[in-house]
Amino acid sequence: MSEKKQKAVSAFNSGFNCAQSVLNAFADDLNIDKELISSLTSGFGGGMGKLQETCGAVTGSFMVLGLTNGIRFSENTDRKEATNNMVKLFHDQFVSQHGTISCKQLLGADLNTASGQQYLLDNKVFKYVCEKCIADAVEITERLLAENI
């Protein structure tokens, strides 16, 4: 497992949400304060505010791609185009591996119900699903950045 993947999974296991964990793994490369990351991404866990929409690991990766392109390109149109292209590539690769970017579909349960929470705990979904999504998101992001820088 790469250093960034280990860092992201470790952050998740210490209480950070998926988006925080992914963005935190790239903080040093992006020269971004970890407290800022924690605040910025605090509402992206559980598929954005526990709405179980787009997976937090995915949104964290999208932020990394946007921030990286913000550093690389001085013109806003170049940043947008590069970021949109990389987001599409990321999406396709993540969906190829996981079938969806929907938090609810990935987890297979509703985070907002007692029965859903029990299912997640009983089946160790956070360990077996969330950790894998985080590690895969970091790996895809690393690969895209390596190919496009």
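In which loop is Gln52 found? Gln52 lies in the loop between helix H4 (34–40) and H5, where helices (H or I, at least four residues) and strands (E, at least two) are DSSP runs numbered from the N terminus. The model is a predicted one, in which local features need pLDDT of at least 70 and side-chain atom pairs count only at pLDDT 80 or more, while totals for chains, interfaces and linings use all residues. Residues are numbered from 1 along each chain as its sequence is written, and side-chain values use heavy atoms, with hydrogens and water left out.

Although Gln52 is not a glycine, its phi is positive, at about 60°. Gln52 is buried, with a relative accessible area of 4%; here buried means under 20% relative accessible area, exposed means over 50%, and partly exposed covers the values in between (1.4 Å probe, protein chains only). A positive phi, near 50°, is also found at Lys124, a residue other than glycine. Lys124 sits in the loop between helix H8 (114–122) and H9 and is partly exposed, with a relative accessible area of 47%.

The packing of helices is considered next. Two packed helices are described by the angle between their axes and the distance between the axes. The axes are lines fitted to C-alpha atoms, for helices over the stretch in contact, and the angles run from 0 to 180 degrees between N-to-C directions. Helix H5 (residues 56–72) packs against helix H6 (residues 76–98) at an angle of about 150°, the axes being 9 Å apart. H5 is therefore roughly antiparallel to H6, given that angles under 35 degrees count as roughly parallel, over 145 as roughly antiparallel, 65 to 115 as roughly perpendicular and the rest as oblique. The crossing of H5 and H6 is right-handed, a crossing being right-handed if the near helix is turned clockwise from the far one by less than a right angle, and left-handed if anticlockwise. On the H5 side, Val58, Ser61, Phe62, Leu65, Gly66, Asn69, Gly70 and Arg72 meet Arg79, Ala82, Thr83, Met86, Val87, Phe90 and Phe94 of H6, contact meaning heavy atoms within 4.5 Å. The residues of this contact of H5 with H6 comprise eight nonpolar, five polar and two charged, where Ala, Val, Leu, Ile, Met, Phe, Trp, Tyr, Cys and Pro count as nonpolar, Asp, Glu, Lys and Arg as charged, and the others, Gly among them, as polar.

Rings of Phe, Tyr and Trp (its six-membered ring) pair if their centres lie within 6.5 Å, and planes under 30 degrees apart count as stacked, over 60 as edge-to-face and the rest as tilted. By this rule there are two aromatic pairs. The ring centres of Phe62 and Phe90 are 5.6 Å apart and their planes stand at 80°, so this pair is edge-to-face. Phe62 is partly exposed at a relative accessible area of 22%, whereas Phe90, at 0% relative accessibility, counts as buried. The rings of Phe90 and Phe94 have centres 5.8 Å apart and planes at 15°, so this second pair is stacked. Both Phe90 and Phe94 lie in helix H6, four residues apart, or about one turn of the helix, and both are buried. Through these ring pairs, Phe62, Phe90 and Phe94 are linked into a cluster.

Lys4, in helix H1, counts as buried at 19% relative accessibility. Apart from its neighbours within four places in sequence, Lys4 is in contact with Ala25, Phe26, Asp29, Val138 and Glu142.

H2 also packs with H9, at an angle of about 35° and with the axes 10 Å apart. In this contact, Cys18, Ser21 and Val22 of H2 meet Cys130, Ile134, Ala137 and Val138 of H9, and the residues divide into six nonpolar, one polar and no charged.
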